[in-house]
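This briefing concerns helix packing and selected backbone features. Please consult the sequence and the structure shown below.

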Amino acid sequence: MIALALPAAANEGGFVPPTLEDMHLPEILPWAAEYGTGFGKQMLLVLLSVALIAWFFLAASRRGQLVPGKLQHLGEMSYNFVRNSVGKDIIGERDYRPYVPLLFSLFFFILVNNLFGSVPLLQIPTPSHVGTAYALAGIVYITWIVLGLKKHGIGYFKLAVVPAGVPKAILPLIVIIEIISTFLVRPVTHSLRLFATMLAGHLIIMLSAAGSEFLIMDADFWFKPLGVLTIAGGVGMYMFEILIQVLQAYVFVLLTAIYIQGSLAEEH
Amino acid sequence: MEGNINLVGYGLSAIGGAIGVGLVFAAYINGVARQPEAQRVLQPIAFLGLALTEALAILGLVFAFVL
């Protein structure tokens, strides 16, 4: 992120667009000043999200009744969504059960953390810091490799990179491509997809907010009405961002299920 | 006017990803329109296609920032 050169700042009176640095507020716990603790706003939001999710599902499942009330119904519906339409449909009827907790917690952790980007005052999606996305995708990466090794032994690596039915002549080329795409590009895109969409969405909202402020407060008289347009566009992007946030949580968990299914499958 | 030409390049390269995502979802919508009961089967495939196509655009975004 060195050369994110938005137009040069600090020309007198001109518009100063927000930069990536503005997204990362100063750390809340400032001891060990040399390196910093890394405990910033995003970290606090992660803790908050864990508390929220735990509170919600504990409350929803505390009094399990045969005829569910509203809260219990909501909890069961969201659980069933992950269990059936992600776990059962993709990993398969036979062995999806052990992975439902992983998929479930990943989905709701990412969903809540993404939606923080659209909650006023909190207003930053945690995965817009790349560390969150790396950690999540790293967990998934280790999970499907370990699962594959457990199921197939060391032959898993052969299974993963040598597709069946390929002519011998081009096999070396295919194997190299498969190694790169499976073991290198896959975790990178898995994490960066989440990070990049959250970052870009937040940046757009920041930009429209800063632009509106500049147009309404500081611009020449004739340009002031344009601020209304940037506000309208900003609100539109805000709504679109909510859709993206939900979609990205779904896509992340869907890909997790697909990777797990791939490492459990008998053939390539 | 100052800026970085990388971002223009990224804008151009995003066209590819956009066309790809459009094709994926056009095929998905076609499939569901012809056979609505196939929706449950097609949905994960469509999103997998979306994810794979989008990967190129994401790599482009990263390279636009990093290089």
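How far apart do the end C-alpha atoms of residues 12-33 of chain B lie? They lie 32 Å apart, and the span is 100% helix and 0% strand.

This is a predicted model, in which local features need pLDDT of at least 70, side-chain atom pairs count only at pLDDT 80 or more, and totals for chains, interfaces and linings use all residues. Residues are numbered from 1 along each chain as its sequence is written, and chains are lettered from A and ligands numbered from 1 in the order in which they are written.

**Annotated spans of chain B**
- An unreviewed UniProt entry lists residues 12-33 and 45-66 of chain B as "transmembrane region"; such annotations may be inferred rather than shown by experiment.
- Residues 45-66 of chain B are 100% helix and 0% strand, with end C-alpha atoms 31 Å apart.

**Helix pairs** (helices are DSSP runs of H or I, at least four residues)
- Helix H1 (residues 5-34) and helix H2 (residues 39-66) of chain B pack at about 175°, with axes 9 Å apart.
- H1(B) is therefore roughly antiparallel to H2(B) (an angle over 145 degrees).
- In chain A, helix H6 (residues 171-218) packs with helix H7 (residues 226-264) at about 170°, their axes being 9 Å apart.
- H6(A) and H7(A) are therefore roughly antiparallel to each other.

**Positive phi in chain A**
- A:Leu121, in the loop between helix H3 (100-115) and helix H4 (130-152), has a phi near 80°.
- A:Gln123 is in the loop between H3 and H4 of chain A and has a positive phi of about 55°.

Key: Helix = DSSP H or I, 4+ residues; strand = E, 2+ residues; numbered from the N terminus. Axes fitted to C-alpha atoms, helices over the stretch in contact; angles between N-to-C directions. Parallel < 35°, antiparallel > 145°, perpendicular 65-115°, else oblique.
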